[in-house]
Every structure is written in structure tokens, then in C-alpha cells.
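Visitor: I would like to learn how to read a model like this one. Could you walk me through it?

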Amino acid sequence: QVQLQESGPGLLKPSQTLSLTCTVSGGSITTNYYYWSWTRQPPGKGLEWIGYIGYSGSTYYNPSLKSHTSISRDTSKNQFTLELSSVTPEDTAVYYCARDSSGYGFLDYWGQGTQVTVSS
């Protein structure tokens with residue numbers, strides 16, 4: 001059973017960089033054909049896909065967020081990390097990491113989510 005757990009700060013000030021880490025257990029992030037993604041849900045809104053890092057280390061981002069988003073990984077710790085620079089209050093959301101079993105948005109395992117609030 002694959003399990004994912006997000007960790008990181010819950011409160012940031014505008015212009016800071018958000019860094020969230022997802023720790024994966026029960027499966028390797030280098031296993032062929034799986035993609036490890038980040039998604040968020042702002043208050044009162046729907047889910048917004050942020051991007052993923054694939055089994056080979058390739059990355060793909062939502063074009064609307066690409067300019068200030070970076071996803072990286074540490075294979076020795078079986079973790080992948082989201083960095084979102086220059087955050088604004090509009091980046092306030094619950095952030096989820098998840099496994100994408102297709103690379104096309106079929107998210108079959110999810111973390112529980114972590115609240116991130118951007119406020120001065």
C-alpha cells in the first residue's frame with residue numbers, strides 16, 4: 001500500500017518561498033511509469049493541478065504556475081519537494097501530493113493534505 005505524507009510550514013508571508021516535501025512509503029518514486037504530483041485546493045474553489053516529477057526525474061508543470069514552480073526529488077529519502085516562489089495570498093490552499101499512475105492525471109494515491117496560508 002502506497003502512502004504519501006506532506007510536510008512543511010503552514011504559514012508564510014507574501015514574497016516568501018513555499019517549500020513542501022512529500023515522503024512516500026510502500027513504493028519507490030523511481031519505479032517505472034509513475035509520476036509524483038502536487039495539487040492544491042484554494043478555499044471555496046476546485047482542485048488545481050500544479051505539476052509532477054516522473055520516475056525518470058522529468059518534470060511537467062501547469063503553464064499558469066510554471067514561472068514560479070519547481071519540483072525536485074531526493075531518491076535516497078524517497079521524497080519529492082514542491083517549491084513555489086514569491087507567494088501571494090492567492091497561493092493559500094490545501095496542498096496535496098499524489099501518485100499519478102498514468103502521467104495524464106489519474107491520481108490513485110493521495111496524501112492527507114496540508115494547509116498553507118499566505119498572510120502578512
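**Reading one residue, then the whole fold**

Guide: Let us start with R99, which sits in strand β9, residues 93-100; strands here are DSSP runs of E with at least two residues, and helices are runs of H or I with at least four, both numbered from the N terminus. This is a predicted model, where local features need pLDDT of at least 70, side-chain atom pairs count only at pLDDT 80 or more, and totals for chains, interfaces and linings use all residues. Residues are numbered from 1 along each chain as its sequence is written, and side-chain values use heavy atoms, leaving out hydrogens and water.

Visitor: Is R99 buried or exposed?

Guide: Buried means under 20% relative accessible area, exposed over 50%, and partly exposed in between (1.4 Å probe, protein chains only). R99 has 9% relative accessibility, so it counts as buried.

Visitor: Which side chain makes a polar contact with the side chain of R99?

Guide: A polar contact pairs N or O atoms within 3.5 Å; within protein, one must be able to donate a hydrogen and the other to accept it, and residues adjacent in sequence count only if both atoms are side-chain atoms. For R99 the partner is the D108 side chain, at 2.7 Å. Leaving aside residues up to four places away in sequence, R99 also touches others, including V2, Y34, W36 and F106, where contact means heavy atoms within 4.5 Å.

Visitor: How many helices and strands does the protein have?

Guide: The count is zero helices and 11 strands. Buried residues make up 42% of its 120 residues. Among contacts with a separation of 6 or more, 53% join residues 24 or more positions apart.
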